[in-house]
Amino acid sequence: MLSESARMRSAAEARFRVQAPNSTPRAIRVIALDAAGEGVVRRLAGTGWKHATFFTAASRGEPGGRGDLSLASADDALSDLAGQTRSVTNEVDSADLVVLVAGPGGHAQAASLIGQACSLRRVMTTAFIVGVASASEKALSETLAQVRPWSLMVVIADSDVYIDDMMTALRA
């Protein structure tokens, strides 16, 4: 008698296998919350993902920041990588997944504004904390406190390559 695995590999059973990839690709928005996240997001954007769009939302506390996003309107809280202002509401409305990227140090204030928009629209969120190898526990905790309430999954990434692997797995 054939094992279940052997039977499933037979030509007769092959007709039941899915023959094509998912015809509806995900719409992924990747948002840098601070300067550390922006470096990673810009690198990712340069690798040619078909179903991902990349944005920044840096805050006032950082060099090169765009203002206090906790007070900003959702209509002008993001910038695309060319510097054009984008609406959080519009971007979240057209997304299946929002990926937040931040470094340690507690400069991820925009997580609450973006997270609220995602919660209202039932859009999944994932947060990556990058650049943690030389960060203190305090700096890491400050960022975790900002992103954790708004993220269904938080990844503390020792290597930025993990984000590439996740994007590949999601077929971005």
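Author: Helices (H or I, at least four residues) and strands (E, at least two) are DSSP runs, numbered from the N terminus. This is a predicted model, in which local features need pLDDT of at least 70 and side-chain atom pairs count only at pLDDT 80 or more, while totals for chains, interfaces and linings use all residues. Residues are numbered from 1 along each chain as its sequence is written, and side-chain values use heavy atoms, with hydrogens and water left out.

Reader: At about what angle to β6 does helix α7 run?
Author: Axes are lines fitted to C-alpha atoms, for helices over the stretch in contact (heavy atoms within 4.5 Å), and angles between N-to-C directions run from 0 to 180 degrees. Helix α7, residues 161-169, lies across β1, β2, β5, β6 and β7. Its angle to β6 is about 155 degrees.

Reader: Which are the edge strands of the sheet?
Author: Two strands pair if DSSP finds at least two bridges between them, and here 7 strands form an open, mixed sheet in the order β4-β3-β2-β1-β5-β6-β7. An edge strand of this sheet pairs on one side only, and that applies to β4 (85-86) and β7 (153-156).

Reader: Which residue in β4 stands opposite Ser79?
Author: Strand β3, residues 78-80, and β4 pair in the antiparallel sense over 2 bridges. Across from Ser79, the residue in β4 is Thr85.

Reader: Which residues are linked with Arg86 in a network of salt bridges?
Author: A salt bridge is a side-chain nitrogen of Lys or Arg within 4 Å of a carboxyl oxygen of Asp or Glu. Arg86 meets Asp80 at 3.2 Å, N to O, and forms another such bridge with Glu91, where the closest N and O atoms are 3.4 Å apart. The network links Arg86 with Arg29, Asp80 and Glu91.

Reader: Is Glu91 buried or exposed?
Author: Buried means under 20% relative accessible area, exposed means over 50%, and partly exposed lies in between (1.4 Å probe, protein chains only). Because its relative accessibility is 9%, Glu91 counts as buried.

Reader: Which residue meets Asp93 in a salt bridge?
Author: The side chains of this pair come to 2.5 Å, N to O. The pair links distant parts of the chain, 28 residues apart, with Asp93 in helix α4 and its partner in helix α5. That partner is Arg121.

Reader: Which residue just after α5 takes a positive phi?
Author: Helix α5 runs over residues 110-121, and its buried residues include Leu113 and Ile114. Just after this helix, a phi of about 55 degrees is taken by Arg122.

Note on methods:
The expected span of a helix is 1.5 Å times one less than its number of residues.
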